[in-house]
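The points are grouped by topic below.

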There are 4 protein chains.
Amino acid sequence: MKIRVYYEDTDAGGIVYHSNYLNFCERARSEVFFRHGLSPVFGGGQFVARKIEADFILSAKLGDTLEVVNELLEVKGASFLLVQRIFKEQKMIFELRIMLAYVTFEGKPQKITPDIKRLIESLF
Amino acid sequence: MKIRVYYEDTDAGGIVYHSNYLNFCERARSEVFFRHGLSPVFGGGQFVARKIEADFILSAKLGDTLEVVNELLEVKGASFLLVQRIFKEQKMIFELRIMLAYVTFEGKPQKITPDIKRLIESLF
Amino acid sequence: MKIRVYYEDTDAGGIVYHSNYLNFCERARSEVFFRHGLSPVFGGGQFVARKIEADFILSAKLGDTLEVVNELLEVKGASFLLVQRIFKEQKMIFELRIMLAYVTFEGKPQKITPDIKRLIESLF
Amino acid sequence: MKIRVYYEDTDAGGIVYHSNYLNFCERARSEVFFRHGLSPVFGGGQFVARKIEADFILSAKLGDTLEVVNELLEVKGASFLLVQRIFKEQKMIFELRIMLAYVTFEGKPQKITPDIKRLIESLF
């Protein structure tokens, strides 16, 4: 998924504000659903970030075109693990490891059913 | 209401990103409710922006302390009009005229009851 | 220009947060430059919002695909006027009239030269 | 540092959008400087996020008052480590471990001088 850096993504330091790389990754996760005519909100729940680890390697600036690449690591009982990497002209500038928990609309953790597991594995 | 300008509010131009002045005004509208132990979401609805006119007079930058001042102009049948001014060291840097419509949770316009009219008039 | 609505664009009301329509319009203005291999920051300055008037007609929600259409109204001595309309499935949901002033990097107003006037007229 | 949750901080899931907890932590880091009459941009450089690890424990919603507490772990040769915890009514809802690198305005890593080390140790 390609993402363009606009003014709103940058800060007074002249580069992309650090937490916006997480937003770019979230767009790339949601877009996987949208592109298949699905919504990231489905059935009885949605996915929320539980744990993240991120490395900020290089910075992006206004007008840059970035690419987000998703890699599924593992689907567990109530969550799944994803690595998302952001590239700028073939160079990796950001890497995110994220654990996404499947929760009810009230925010309670819930089991990932075999159907949802298959869906995640087919999408990512 | 005092608002500090942080990195996230600025852009690569070195100043506050234009639409963030609207966010500052929205914070000031919501804060009026919060300070009275109320929520801006109440009874059968909430207020949404319907029309705005804004003048960007001077710019703010990282670390500035701004003050937002609200002035109620008029409560109409299904909306109310507010002027919100942002000051930086006594100088007005931004002025917003906003019409806020009262809508149901499905987004349908609805009447402002006398009770809600009194509430708005007492809050703003 | 097509814009997808992601989680970050929405708020607890379930719809796009009002000021984000301004961000979408700003993306569409910048993208005009980027698509021609140009930057919205050029020569001795950049454009900043000076006055806006906006109508919020209908709301957009997570996953919607929006289209922003720009129409140039007038290039004046030190600013230009643009109308930007956002459509969702052919229906106009937001309209912005914006005056953009040409300023130096220190934020001082400056004249739009004939070259820059021609550039704006050819781009928008 | 106290932070109020406004509409702009929430998303269509009804709770604070995940990356905004990072913004809250950044505000708390910058505020440490502002409260002492200093700027987080000083001398020959500024601090940028290099690595983060975060746990999203509980969620916050519109109107919540949060508190961010900073704890300095270590000042190294060209970076420092901070733990930042966000509390809602005494309960920890978010924890961030962040490595902040000291860089020049061109983004090059640079040494933390003894003066800057003392400053960091006195502020955090």
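Two residues count as being in contact if their C-beta atoms, placed from the backbone, lie within 7 Å. The model is a predicted one. Of the interface residues of chain B, 94% are also interface residues in chain C, so the two copies meet through the same surface.

**Relation of chains B and C**

**Contact between chains B and C**

- Chain B puts 17 residues into this contact and chain C puts in 16 residues.
- On the side of chain B that touches chain C, α1 (20–35) and β2 of chain B each supply at least two residues.
- β2(B) gives the largest share of that side, with 10 residues.
- By class, the side of chain B that touches chain C is made up of six nonpolar, seven polar and four charged residues.
- Strand β2 (residues 46–56) of chain B and strand β2 (residues 46–56) of chain C run antiparallel and are joined by five bridges.
- B:I52 has C:A54 as its bridge partner in β2(C).

**Strand pairing within chain C**

- β2(C) also pairs with strand β5 (residues 91–103) of chain C, in the antiparallel sense and over 10 bridges.
- In this chain, C:F47 stands opposite C:Y102 of β5(C).

**Contact between chains C and D**

- Here 10 residues of chain C are in contact with 10 residues of chain D.
- The side of chain C that touches chain D has four nonpolar, three polar and three charged residues.

- An open sheet of 10 strands has the order β1(A)-β3(A)-β4(A)-β5(A)-β2(A)-β2(D)-β5(D)-β4(D)-β3(D)-β1(D), with antiparallel pairing.
- β1 (2–4) of chain A and β1 (2–4) of chain D stand at the edges with a single partner strand each, so one side of each has no neighbour in the sheet.
- On average, neighbouring strands of this sheet are turned by 30° against each other, direction ignored.
- Within chain A, strand β2 (residues 46–56) and strand β5 (residues 91–103) run antiparallel and are joined by 10 bridges.
- A:E53 has A:R97 as its bridge partner in β5(A).

Technical notes
Residues numbered from 1 in each chain as written. Chains lettered and ligands numbered in written order. Predicted model: local features only at pLDDT ≥ 70, side-chain atom pairs only at ≥ 80, totals over all residues. Pairing = 2+ DSSP bridges. Helix = DSSP H or I, 4+ residues; strand = E, 2+ residues; numbered from the N terminus. Nonpolar A, V, L, I, M, F, W, Y, C, P; charged D, E, K, R; others polar. Axes fitted to C-alpha atoms, helices over the stretch in contact; angles between N-to-C directions.
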